[in-house]
Amino acid sequence: MYDGPNRPHALPFLHVRRRRFAVRVAAAVAALSATVLAAAGCGPSGSAAGRAEGPRSSTAKGFPVTIDNCGVRTTYDKPPSRALTIHQHPAELMLSLGLKDRMVGTSFPDSAVLPSLRKDYESIPELSARAPSFEKALEAEPDFVYGGYSSAFDEKEGRSRKAFADAGIDTYLNREYCGEKNVTMRDTYAEIHTVGKIFGVSDRADALVSDLRRRVGKASAAVKGEPEVPVFVYDSGDKSAFTAGGKGLGTQLIRQAGGRNVFADLDDVFGDVSWEQVVDRKPEVIAIYDYEGDKNVEQKKRYLLSQPALADVPAIKHKRFVVLPLTATLVGVRSAYAVEGLARGLHPASFT
């Protein structure tokens, strides 16, 4: 597992007021104070989303909007118009809200893009295969940066939220990394509503949430009444198994698909367990988390099937595996799609 099972402590509470100056790479690192003062004047600061726009009276309908996010309060006078996403699930969420025309760059893809979003995703410049440097991010001239993992705003890498704020760029961090340790589908729906509010497309957010709820409900209804299937989540590991605990979204997805995470009693989002524990809990299906940068799915299957200690595990004996993209277990639109895929893998007879 890479880049983000551990959750950061909540950031110090900040109140980020919006600036009106155009962001340029040189201006971001030099003469910042003079630029801010010239743009803001003696009155209250405006919105970076409305760079070089008119006075505050020209704010968009429904604005200003104030959002509290992971200890950072931001007031938007206008919807952002030049968004940069770091990590894939924020990009997919924005595209699902029809915000392609507001996106100036993506970065850090970690799995195949949802087929329905692939064309739009590929039309947006990819800044970096991993999180871009602060300087690289500034080159895209964003007015808004949306991070999927806490590492998107890694202070040691120079990408802190304060650094972006000082450059007149607003930031938003996926709510999964705000310090709470129990993630559910409610967080997914709330994330969509919040992003919709920031971009002034709350009607689209409402429609998207309704569609995702419908998808989950339809899949859950198809397996209603079926016996719960014991599922072991294999993320990675050889000497021990790195698996999904009871505090993560993956456990809820398995439950909604008619399964039971055999390590739901693990009081964390992720954790290490021994192979002896896996054997004792007799999973009937193994859900393999798939993501770029680790062994691929087939390599993981071969490893599990080759271990003599696991030979009597029902899932191994019957070679019952389901594949779950890691992005499907994060707060984003893909989680709702994952419930149907899991349900089909756990209860195939219910879909014939």
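## A walk through the model, starting at one helix

In helix α11 (residues 297-305), the buried residues are Val297, Lys300, Tyr303 and Leu304. Buried means a relative accessible area under 20%, exposed means over 50%, and partly exposed is in between, using a 1.4 Å probe and protein chains only. Helices (H or I, at least four residues) and strands (E, at least two) are DSSP runs, numbered from the N terminus. The model is predicted, so local features need pLDDT of at least 70 and side-chain atom pairs count only at pLDDT 80 or more, while totals for chains, interfaces and linings use all residues. Residues are numbered from 1 along each chain as its sequence is written, and side-chain values use heavy atoms, leaving out hydrogens and water.

Now look down the axis of α11. An α-helix has 3.6 residues a turn, so residues three or four places apart point the same way. What do the buried residues of α11 pack against? Their partners are β9, α10, β13 (285-290), α12 and β14, where contact means heavy atoms within 4.5 Å. At the start of α11, the backbone nitrogen of Glu298 has a side-chain oxygen of Asn296 within 3.1 Å.

Next come the aromatic pairs. Rings of Phe, Tyr and Trp (its six-membered ring) pair if their centres lie within 6.5 Å; planes under 30 degrees apart are stacked, over 60 edge-to-face, and the rest tilted. By this rule there are 14 aromatic pairs. Tyr146 and Tyr172 form an edge-to-face pair, because their ring centres are 5.4 Å apart and their planes are at 80 degrees. Tyr146 belongs to strand β7 (residues 144-147) and Tyr172 to strand β8 (residues 170-173), so this pair ties together parts 26 residues apart in sequence. Tyr146 and Tyr172 are both buried. In Phe232 and Trp275, the ring centres are 6.3 Å apart and the planes at 75 degrees, so this pair is edge-to-face. Phe232 lies in strand β9 (residues 229-234) and Trp275 in helix α10 (residues 275-281), so parts 43 residues apart in sequence are tied together. Phe232 is buried at 1% relative accessibility, and Trp275 is buried at 12%. One aromatic cluster is formed by Tyr76, Phe144, Tyr146, Tyr172 and Phe199.

In soluble globular proteins, nonpolar side chains tend to be buried together. A nonpolar core is a set of buried Ala, Val, Leu, Ile, Met, Phe, Trp, Tyr and Cys residues joined through side-chain atoms within 4.5 Å. The largest core here has 81 residues, of which Leu97, Phe144, Ile192, Phe199 and Tyr289 touch the most other members. Apart from it lies another core of 18 residues, including Val262, Val273, Trp275 and Tyr303.

Finally, visit the backbone. Phi is positive in Phe108, near 60 degrees, and in Lys319, near 50 degrees. Are these residues buried or exposed? Phe108 is buried, with a relative accessible area of 5%, whereas Lys319 is exposed at 60%.

Key: Polar contact = N/O pair within 3.5 Å; in protein donor to acceptor, adjacent residues only side chain to side chain.
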